[in-house]
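Please write a short report on the structure shown here.

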Amino acid sequence: QTTAWPVAILLACSWDQSIVYAVGEASAKEVKENNIGMWLTPAINIHRSPLCGRNFEYYSEDPLLSGSIAAAMTLGVQAHKGCATTIKHFACNNQETNRYFSNSRVSERALREIYLRGFEICVKHSQPHFIMTSYNLINGEHACNSKDIQTYTLRDEWGFAGVVMTDWLVTGGMGTSGEKWPCASAAGNVKAGNDITMPGIPSDKNDMLKALEDPTHPYALSRAELQLSAKRVLEMILKLA
């Protein structure tokens, strides 16, 4: 049995980071009681449209408020050893309809000032242990396959030191791949700096093996790139143990 906390949008309406921190602390106690280590929250996508089916789960239409509240929640949860948050969905997850194959066309300025800003604030102020990528494409490439976002921005610019994971079945199994946009690539996840493909299906292994052997693969991999992702996952297991 767990506590029914107010939804994210109501927590953000408080504008009170101390209250949200306290909710995070209390939630972490319940996480531990249920023998769970990583919590798949907070979700901090922008309220871009009132029709988005997940708005109750996101904090605000304002990236400053979203990032600040998410940081407070993360600090509260991760104050308890062995507990971790997973901020999501990184990035530009603005709709539920056709979310596997929707393409968010956005300028770099809009990305940095609106859609990535909340994540940046949360990462820099609270260093969440995990980040979950989104299903959608960004400017024609799946968010989980984008090295610009997962490595150059998240890790190199912001200093994220944790583990990146995908949302479930982004590489296939939840909807038919269209002719215009194929499913994401498991090899592309590794190439981008996305360490865990969830939940993992046989074709993911085949894709990665092919990427290791075939230099013409769109996301050709080296052994070192695979080892880097494995290293980050093992380090996180030890941190949370």
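This report covers the pocket, the nonpolar cores, the salt bridges and some points of backbone geometry.

The model is predicted.

**The largest pocket**

Start with the open space. The largest pocket has a volume of about 420 Å³. Its lining counts 23 residues, and W5, P6, S27, W39 and T41 are the closest to its centre. Two helices, α1 (8-13) and α2 (17-33), each supply at least two residues of that lining. The largest share comes from α2, with four residues. Sorted by class, the lining of the largest pocket has 16 nonpolar residues, five polar ones and two charged ones.

**The nonpolar cores**

The largest nonpolar core has 36 residues. Inside this core, Y59, F90, I138 and L154 have the most contacts. Seven elements are listed as giving two or more residues to this core: the helices α1, α2, α3 (63-78), α4 (108-115), α5 (117-126) and α6 (147-157), and the strand β2 (84-90). The largest share, six residues, comes from α3.

A second core is separate and has seven residues, including A84, F130, M132 and M236.

Which residues is F90 in contact with, leaving aside its neighbours within four places in sequence? They are L116, F119, I131, M132, T133, S134, A143, I149, Q150, L154 and W158. One of these, L154, is also listed with F90 among the residues with the most contacts inside the largest core.

**Salt bridges**

Side chains of opposite charge can pair when their charged atoms come close. A search of the whole structure finds 13 salt bridges. The table gives three of them.

| Salt bridge | Closest N to O | Where the partners lie |
|---|---|---|
| E96 and R54 | 3.6 Å | E96 in the β2-β3 loop, R54 in the β1-α3 loop |
| K88 and E57 | 3.4 Å | K88 in strand β2, E57 in the β1-α3 loop |

Take E96 and R54 first. E96 lies in the loop between β2 and β3 (103-104), and R54 in the loop between β1 (38-39) and α3, so the pair ties together parts that are 42 residues apart in sequence. Is E96 buried or partly exposed? E96 is partly exposed, because its relative accessible area is 26%. R54 has 15% relative accessibility, so R54 counts as buried.

Next come K88 and E57. This pair links distant parts of the chain, 31 residues apart. Both K88 and E57 are buried.

The pair of R109 and E113 is local. R109 counts as exposed because its relative accessibility is 61%. E113 has 47% relative accessibility, so E113 counts as partly exposed.

Some bridges share partners. Which residues do they join into one network? The network consists of R54, E57, K88, E96 and R99.

**Backbone geometry**

The bond from F90 to A91 is cis, with omega near 10 degrees. A91 is found in the loop between β2 and β3. The bond from M198 to P199 is also cis, with omega near -10 degrees. Where is P199? P199 lies in the loop between α7 (186-192) and α8 (202-213).

N35 has a positive phi of about 60 degrees, although it is not a glycine. N35 is placed in the loop between α2 and β1. Its relative accessible area is 73%, so N35 is exposed.

N98 also has a positive phi, of about 55 degrees, and is not a glycine either. N98 lies in the loop between β2 and β3. N98 is partly exposed, because its relative accessible area is 44%.

**Back to one loop**

The loop between β2 and β3 comes up several times above. A91 is found there. E96 lies there.

How values were computed
Residues numbered from 1 in each chain as written. Predicted model: local features only at pLDDT ≥ 70, side-chain atom pairs only at ≥ 80, totals over all residues. Heavy atoms only, no water. 1 Å grid on protein atoms, 1.4 Å probe; cavity = no way out; pocket = protein on both sides within 12 Å on 5 of 7 lines; lining within 4 Å. Points joined across faces, edges and corners; volume = space filled by probe spheres on them. Nonpolar A, V, L, I, M, F, W, Y, C, P; charged D, E, K, R; others polar. Core = buried A, V, L, I, M, F, W, Y, C linked by side-chain atoms within 4.5 Å. Buried < 20%, exposed > 50% of the residue type's maximum accessible area, 1.4 Å probe, protein only. Contact = heavy atoms within 4.5 Å. Salt bridge = Lys/Arg side-chain N within 4 Å of Asp/Glu carboxyl O.
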